[in-house]
Amino acid sequence: MEYMTVSSLALPESVTRELEEQQVSSLAKNIIEVLDKHYPTYTGTWHILINTDPNAGVVQVRNLRISGTMGFQIPITWLHDHDTMMKLIKNNGGELLERFRLSRERGASVEDQLNDAKRNFKGELIHDE
């Protein structure tokens with residue numbers, strides 16, 4: 001992926017690592033902006049984890065208001081351009097909400113939905129398979 005090929009610049013390792021961290025931070029910020037834009041009711045509760053391994057790098061997304069264990073992940077190689085990234089993140093974010101039978105509508109009152117949702121013995125929301 002183009003934004004992860006910093007090492008090809010032949011810079012010192014410390015500089016390369018710093019550039020990679022900036023790019024990863026920028027990617028995470030962009031992902032959160034897309035989710036917050038399309039699902040503002042859930043703003044502030046998205047958790048992004050980015051694995052930059054060139055052979056198995058993934059972006060993992062969870063919404064901690066819904067579940068700390070369930071979410072979605074997308075291979076970094078699929079996020080080759082901004083438009084593709086926005087579409088994948090938006091669609092997968094909506095799918096996550098649908099699996100828990102939560103509204104994707106702007107301004108929806110999720111508190112009632114979360115309070116009335118079915119939970120397992122650990123108190124976690126039960127999702128569709």
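Predicted model: local features only at pLDDT ≥ 70, side-chain atom pairs only at ≥ 80, totals over all residues.
## Overall architecture

The protein chain contains 3 helices and 3 strands, and these elements follow one another along the sequence in the pattern α-β-β-β-α-α. Of the 129 residues in the protein chain, 32% are buried. Among the contacts with a separation of 6 or more, 45% are accounted for by residues 24 or more positions apart.

## The nonpolar core

The largest nonpolar core comprises 28 residues, and Ile31 and Val59 are those with the most contacts inside it. Two or more residues of this core come from each of helix H1 (13–38), strand E1 (46–51), E2, strand E3 (71–75), helix H2 (82–99) and helix H3 (110–116), with H1 giving the most, at 6 residues.

When residues up to four places away in sequence are not counted, valine 59 touches Leu27, Ile31, Ile48, Leu49, Ile50, Phe72, Gln73, Ile74, Ile76 and Leu79.

## Asparagine 63 in strand E2

Asparagine 63 lies in strand E2, which spans residues 58–63. Asparagine 63 counts as buried because its relative accessible area is 0%, where the cut-off for a buried residue is under 20%.

The side chain of asparagine 63 reaches the backbone nitrogen of arginine 65 at 2.9 Å. Beyond its neighbours within four places in sequence, asparagine 63 is in contact with Tyr42, Thr45, Trp46 and Leu96.

Methods: Residues numbered from 1 in each chain as written. Heavy atoms only, no water. Helix = DSSP H or I, 4+ residues; strand = E, 2+ residues; numbered from the N terminus. Buried < 20%, exposed > 50% of the residue type's maximum accessible area, 1.4 Å probe, protein only. Polar contact = N/O pair within 3.5 Å; in protein donor to acceptor, adjacent residues only side chain to side chain. Contact = heavy atoms within 4.5 Å. Core = buried A, V, L, I, M, F, W, Y, C linked by side-chain atoms within 4.5 Å.
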